[in-house]
Amino acid sequence: TAGLSTKQYEVAEEVVNLFNTTSRIVLAELCARFGKTIWSGAVAVEMNVDVVIVASYVKTVFTSFATDLTSFQQFANYAHIDTGDDNYQEQVESALAEGKKVFAYLSLANGSKRQDRIDYLFDNKVEKLLIVDEADFGAHKKQQAQPLVDKVDATVYTIIMTGTNADRAVAHWPV
């Protein structure tokens, strides 16, 4: 069972309250060793969304999420899906049909299929939480951020997550 530190709990509660009242896009500038991965997973559980899109330019983020979250009971009902897999759409549909929730890992590196992946994930009519992790490393560039900004509407909860350079991380986001 995962447990949050007092500070993780307080910040999670603050973000959940923001999502439930006034904000849909939140900057989470959290210090190194804060435990951003488990913290953002806890926010996802509390928001009870069907699909959590973890977007990053830094692909090691996806391994960290999958490794950390599968270690805890609270995330046992989540499928972890790499949108780089050829059959990722079928994996998402299958998991949702089985009553599971989904962590979908989306690389922001330029590629011929990136926009199709973004369109599929955001056009899917389920509740979503977007987590842009390491938002100041590559994901802050217009080429990477704008396709997400264009898809985020009032129904998508969004966390722009970073440990450094918050101003750069949110350069294209209406935080």
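Which residues have the most contacts inside the largest nonpolar core? Select Phe19, Trp39, Val43, Phe65, Phe103, Leu129 and Ile159, which hold that place in a core of 31 residues; a nonpolar core here is a set of buried Ala, Val, Leu, Ile, Met, Phe, Trp, Tyr and Cys residues joined through side-chain atoms within 4.5 Å, and buried means under 20% relative accessible area, with a 1.4 Å probe and protein chains only. The model is predicted, so local features need pLDDT of at least 70 and side-chain atom pairs count only at pLDDT 80 or more, whereas totals for chains, interfaces and linings use all residues. Residues are numbered from 1 along each chain as its sequence is written, and side-chain values use heavy atoms, with hydrogens and water left out.

Colour next by secondary structure, where helices (H or I, at least four residues) and strands (E, at least two) are DSSP runs numbered from the N terminus. At least two residues of the 31-residue core come from each of helix 1 (6–21), strand 1 (25–29), helix 2 (36–47), strand 2, helix 3 (60–69), strand 4, strand 5 and strand 6. Apart from this core lies another, of 30 residues, which includes Ile53, Ala104, Leu130 and Val149.

Now centre on Trp39, whose contacts (heavy atoms within 4.5 Å), leaving aside neighbours within four places in sequence, include Leu4, Gln8, Phe34, Ile159 and Met161. The structure holds nine aromatic pairs, in which rings of Phe, Tyr and Trp (its six-membered ring) have centres within 6.5 Å, with planes under 30 degrees apart counted as stacked, over 60 as edge-to-face and the rest as tilted. The rings of Phe34 and Trp39 are edge-to-face, because their centres are 6.3 Å apart and their planes at 70°; both residues are buried.

Move to Phe65 and Phe103, whose ring centres are 6.3 Å apart with planes at 45°, so that this pair is tilted. Phe65 lies in helix 3 and Phe103 in strand 4, and the pair therefore ties together parts that are 38 residues apart in sequence.

Finish at helix 4 (88–97), where the buried residues are Tyr88, Val92 and Ala95. They sit on the same side of helix 4 because they cover an arc of only 70° around the axis, taken from the directions from the helix axis to the C-beta atoms. Their cover includes strand 3 (78–82), strand 4 and helix 5, and just after helix 4, Gly99 takes a positive phi of about 85°.

Note on methods:
Buried < 20%, exposed > 50% of the residue type's maximum accessible area, 1.4 Å probe, protein only.
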